[in-house]
Amino acid sequence: MASNSTPFTLKWGIMATGWIAETFTQDLLTNPATTRDVHDVRHEVVAAASSSSQQRAQEFLVKIKAPSSAKAYGSYHELVADPEIDIIYVATPHSHHFQNAMLALEAGKHVLCEKALTVTASQAHKLVEKAKEKNVFFMEAVWTRYQPISIKVRELIQSGIIGPVYRVVADLSVGNDKPDGTVSFADTNRMVNPDLAGGALLDLGIYSLTWVFQTMYHLQKEKEKPKVVAAIQKYHTGADEATSIIVQWPQHKSQGIALTSLRLATGVDSENTAGPAIRIQGPGGEIHVTGPAYRPLQYKVIQKDAGGKIETVDFSIPKDPERDWGHGMFWEADECARCIRDGKKESESLPWEESLVIMEVMDEALKQGGVTYPDLITTDVFDAQSPLNTGKR
């Protein structure tokens, strides 16, 4: 293990140059020591790649103020072939994740792949099998799990403060309803475009399920496969515009309700006036998590016998004063570095098996709702020359 005086350095390659890649890479470039008091690991951005052009990758590196040593590649194949890169961050749309992550795994790289991990559970199983075969680290980039608030809430539940958790209701929805019956995303937008595995569930509902799973299934000593009942409202493109899922664990007497919609916002006025996004309920009380499910900044503990007293705890996202930046994705990057440093192939906070079960739940929900996607993005057969890997149509 590296001593505090010599932090372990993880060298990153960034696959794709969109908004999520910008946000994550800027977090990588913050100083761990001064931002979040992390002294055992650090991060280096070695290269970024765009499937459209080298120039696009170069513009990305300039925009995020990457070090001058960072290389720009005009193809994903060049990126995964770079011997200086330890880990690839897959920041493409989830329609592309299977082919892109497999390209990196085949090259023997560690991989952090954005959520939703894949379009189908079958694809996710294939990625895990490949990671095992190649003996590399592989993780779904569910940043919320690594935020201090999530860690604290899981610890509170394990302390027994509200007793066994019997029900969790979690929502992540956005208010994009328009008077003409459409939503304010163009039909080509990744949020509603079936060619990009669009829809509320895979983009937003994954966070609702994250809270359901990290507060119940993740903490089960004896893991129980859940039963799934789903209701889906389809948009005119064929993607889901609203999805409600009940996840049931009969042996644990527990149920989770995961909600998502493109027409109604979780926080109607962006001030959390409408109450908690997540309610975690036990016989001894409730934990309310306030704010958007992907990055909440407050929880409240309401105990049955507290006489109406509420404990409120606030969190903040630390900023790097030099870069004036901090989004909250750096904690998952630190987890990757520590796992790789310590020779671990998966994270204890989000093991492969749990990512697979969540994908199976979403698979089943989409099936019950009759949502289908094109063969190009649902196939579980790897093709290095797939247009998803080369950018060619």
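## Helix 8 against helix 10

In this predicted model, L201, L202, I206, L209, F213 and Q214 of helix 8 meet E354, V357, I358, V361, M362, A365 and L366 of helix 10, where contact means heavy atoms within 4.5 Å. Sorted by type, the residues of this contact are 11 nonpolar, 1 polar and 1 charged. Here Ala, Val, Leu, Ile, Met, Phe, Trp, Tyr, Cys and Pro count as nonpolar, Asp, Glu, Lys and Arg as charged, and the others, Gly among them, as polar. Helices (H or I, at least four residues) and strands (E, at least two) are DSSP runs, numbered from the N terminus.

The axes of helix 8 and helix 10 come within 11 Å and cross at roughly 125 degrees; axes are lines fitted to C-alpha atoms, for helices over the stretch in contact, and angles run from 0 to 180 degrees between N-to-C directions. The two helices are therefore oblique to each other (under 35 degrees is roughly parallel, over 145 roughly antiparallel, 65 to 115 roughly perpendicular, and the rest oblique). Their crossing is right-handed, meaning that the near helix is turned clockwise from the far one by less than a right angle, with anticlockwise giving left-handed.

A word on the basis: residues are numbered from 1 along each chain as its sequence is written, and side-chain values use heavy atoms, with hydrogens and water left out. As the model is predicted, local features need pLDDT of at least 70 and side-chain atom pairs count only at pLDDT 80 or more, while totals for chains, interfaces and linings use all residues.

Beyond its neighbours within four places in sequence, L209 touches L201, I245, V247, A258, I358, V361 and M362.

L202, also in helix 8, is buried at a relative accessible area of 1% (buried is under 20%, exposed over 50%, partly exposed in between, with a 1.4 Å probe and protein chains only). Leaving aside neighbours within four places, its contacts are H94, A116, T118, A197, M362, L366 and Y373.

## Loop residues worth a look

The peptide bond from K115 to A116 is cis, with omega near -15 degrees, and A116 sits in the loop between strand 5 (110-114) and helix 6. A197, in the loop between strand 7 (167-171) and helix 8, has a positive phi of about 55 degrees although it is not a glycine. At 0% relative accessibility, A197 is buried.

Most residues other than glycine have a negative phi, and most peptide bonds are trans.

## Helix 10 meets helix 6

Helix 10 (residues 352-368) also packs with helix 6 (residues 121-134): their axes come within 8 Å and cross at roughly 165 degrees. This pair is therefore roughly antiparallel, and the crossing is left-handed. A121, A124, H125, V128, A131 and K132 of helix 6 make the contact with W352, L356, M359, E360 and D363 of helix 10.
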